[in-house]
Amino acid sequence: MNFKNILGLLCAAAISVLPAGNAFSQEKTVKIGAVFPLSGGSASAGVHAKAAIEVAMDIINNAHPEFGNFPLAKNAGLAGLGGAKVEVVFADNQGSPATGQNQTLRLITEEKVVAITGAYQSGVTLTASAIAEKYGIPFVNGESVAANLTERGFKWFFRVTPVAADFAKIFYEFLADMKAAGAKTDNVAIVHDTTEYGTSVASVIASVFKERGQPIALDIAYTSNATDVQSQVLQLKEKKPDVAIMITYTPDAILYQKTMQSLDYKPPMIIADDSGYSDPSFIKAVGKISQGVFNRSSWSVGPPGSPTALIAEMYKKKTGDDLDDTAARAMQAFFVLCEAIDRAGSTEPAKIQAALRATDLKPDQLMMGYKGVKFDEKGQNVLAAGLIIQLQDGENYVAVWPKANAAKSPMLPFKGW
Amino acid sequence: MSSILVQVIVGGLLLGAVYALFSSGLTLVWGMMNILNFAHGDFVMLGMYVAFVVWTLFGAGPWAGAPMAVLVLATLGVVVYFGLIRDIMKGPMLAQILGTFGLALLLRYSVFWWFGANFLSLPENLVGGTFDVMGLRIQASRLLAGVVALLVTLGLHLLLTRTSLGSKMLAVAEDSTAAQLMGIRPDSMQAIAWAIAAGATGLAGALIATFFYIVPTVGETLGIVAFVTVSLGGFGSVPGALLAGLAIGVIESLSAYLIGAVYKDMVVYALFLGFLWFRPQGLLGKT
């Protein structure tokens with residue numbers, strides 16, 4: 001047997017042994033599955049969500065008295081389960097609905113997780129949660145906004161984040177306020193990709209605006225992970241909308257901003273629907289040519305010493321990046337899930353499900369700017385809320401609307417570069 | 001014609017030149033040596049990262065980044081040839097496909113591990129910003145990529161048709177045993193072909209990095225276009241790849257502008273399949 005054959009055998013052996021390494025587990029742990037896109041085009045968002053959940057694990061599993069009354073922080077582990085530690089098994093859905101489904105199945109049947117969180121893209125959450133539903137395992141989602149996710153009559157699916165319709169109303173009211181302040185907002189264009197997320201959010205925004213007597217003037221759909229977006233930007237340049245609403249994931253968001261700059265086109269107002277425009281690597285890559293972009297968010301860093309400021313600090317220390325809205329919403333969902341498990345005092349899926357149904361968290365128990373967490377019979381958090389933020393200096397988003405939550409007043413028009 | 005429409009066409013031509021640029025390396029390897037290199041898109045990605053590293057370390061633009069990328073990728077091409085391709089060429093076709101596919105994943109996830117999943121970007125004005133020509137916006141970085149695409153195409157074409165090195169490479173591609181009997185060493189010729197192909201691909205990556213985002217998975221986004229460009233242009237025809245790249249760029253831009261961006265891939269691929277039905281050897285390929 002020559003060297004190459006032996007090497008080949010070793011490789012084969014290594015491949016067969018690798019997955020088994022994760023299989024052992026410790027006593028007195030609560031095993032939760034987390035399905036996120038850790039590779040593929042949305043890996044950036046998935047990796048940030050994973051880091052946020054790891055910060056949450058630190059807060060839950062170790063004693064953090066400095067957090068005051070923030071749930072699960074004070075003592076180490078889950079008090080309701082005798083101080084049991086929370087263990088998270090991360091799985092990579094590669095941004096693909098099929099992989100998301102397979103990985104969820106693996107987490108439930110092989111890893112024996114008691115609950116699941118994830119899966120970032122609405123299209124992946126759609127398939128992954130269907131598996132959890134089939135096996136009767138609670139699935140708590142913090143960041144997917146497609147409306148249909150909670151319209152399937154599922155009993156085991158809970159969504160903490162505001163949904164597309166909530167944000168569409170926020171966009172509409174924000175624009176109405178801007179109009180009252182003298183800005184032109186009549187002519188609204190929507191640019192969106194054709195993923196589950198892009199199409200559903202675009203149609204919800206279009207119908208919310210139409211109901212209120214302001215139909216969308218221009219709808220530009222494109223296929224995500226584009227190699228080029230010049231034609232789309234030129235369409236905007238020709239039709240001259242007052243407002244461009246961008247519903248895109250990170251790679252395309254970067255390409256749109258680069259292309260607007262190279263074609264010297266500035267819409268008077270850009271409103272981003274979170275996702276790509278909230279990715280910290282978007283800000284690092286093209287923040288400087290995107291000054292004045294509006295975005296939606298439910299996350300803002302509170303005053304020094306507050307739980308939100310402490311979380312922001314821990315996250316920054318761990319990753320070197322600022323905590324963004326998407327990762328923060330994923331983290332909030334994880335806290336909601338763990339709080340329910342703690343209250344259930346059990347790792348039995350049915351008891352966790354019952355505890356989730358009874359969830360009633362107040363604003364001061366949350367890290368996000370929601371009015372609370374309370375699920376309706378569809379599993380949707382009815383107290384979810386959001387605000388408008390703006391990338392004024394090209395480096396950090398600041399809250400600009402509504403006035404009560406604003407750190408600065410909105411800057412108009414879009415400055416760009 | 002409205003000025004916007006002219007801008008769409010010019011944009012399409014510049015885009016097409018870029019497609020041609022990053023397809024030229026694939027033409028050489030796939031078209032001539034009959035090896036389907038699935039790692040091609042990831043070679044482009046590596047070229048982009050080399051340009052990014054050169055800029056981060058030395059603050060230097062593509063003037064330094066591009067030659068560096070050519071050097072690094074050409075070396076990698078030789079290593080890949082001797083370490084992998086030479087052996088898997090002896091195996092069945094499937095081994096070649098899966099071998100280069102494995103290489104693609106290895107490269108992608110090595111970069112992923114080293115640089116992380118973050119999207120990176122070079123400063124917008126590294127190659128002199130954007131200028132106006134009679135109301136048309138021309139981005140200097142794209143123009144540079146377009147000009148280099150023409151030069152690379154011309155250079156490769158001359159190399160293959162006018163030099164003895166080119167004739168030897170073609171001889172090996174045609175019949176390696178016969179070439180060996182004529183005193184040509186197939187191994188060195190193939191290695192040189194891989195070095196040139198990978199070097200050209202690295203050059204493409206370094207130039208594309210000046211106007212595109214950089215991420216470990218960018219090869220997936222760009223790779224498929226390269227395969228289509230090469231088959232439309234005709235296997236082994238370097239000028240064919242240029243023509244095909246330009247055609248795809250303009251058709252994409254026009255259909256995205258006139259019909260809608262969602263439909264542009266449908267238009268491009270329907271035309272592509274229709275064209276191959278009439279002319280399976282591609283634009284300039286030999287029957």
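Predicted model: local features only at pLDDT ≥ 70, side-chain atom pairs only at ≥ 80, totals over all residues.
## Where chain B touches chain A

The two chains meet through 30 residues of chain B and 35 residues of chain A. On the chain B side, four elements each supply at least two residues: α1 (3-33), β2 (136-139), α9 (218-233) and α10 (238-258). The largest share comes from α1(B), with 5 residues.

By class, this side of chain B has 16 nonpolar, 10 polar and 4 charged residues.

## Tyr120 of chain A

Tyr120(A) sits in a loop of chain A, between β3 (115-118) and α4 (122-135). Tyr120(A) has 30 other C-beta atoms within 10 Å, so it is buried; the cut-off for that class is 20 or more.

Beyond its neighbours within four places in sequence, Tyr120(A) is in contact with Phe36(A), Pro37(A), Ser42(A), Ala45(A), Gly46(A) and Ala49(A), and also with Glu143(A) and Ser144(A). Val145(A) is 25 residues from Tyr120(A) in sequence, and their C-alpha atoms are 9.3 Å apart.

## The α9–α10 pair of chain B

Packed helices are described by the angle and the distance between their axes. The axes of α9(B) and α10(B) come within 7 Å and cross at roughly 120°. The two helices are therefore oblique to each other. The crossing of α9(B) past α10(B) is right-handed.

From α9(B), the contact involves Val228(B), Thr229(B), Val230(B), Leu232(B) and Gly233(B). They meet Gly240(B), Ala241(B), Leu243(B), Ala244(B), Gly245(B) and Ile248(B) of α10(B). This contact has 7 nonpolar and 4 polar residues, with no charged ones. Both α9 and α10 of chain B also supply residues to the side that touches chain A.

Notes: Residues numbered from 1 in each chain as written. Chains lettered and ligands numbered in written order. Contact = placed C-beta atoms within 7 Å. Nonpolar A, V, L, I, M, F, W, Y, C, P; charged D, E, K, R; others polar. Buried ≥ 20, exposed ≤ 12 C-beta atoms within 10 Å, placed from the backbone. Axes fitted to C-alpha atoms, helices over the stretch in contact; angles between N-to-C directions. Parallel < 35°, antiparallel > 145°, perpendicular 65-115°, else oblique. Left-handed = near helix turned anticlockwise from the far one by under 90°.
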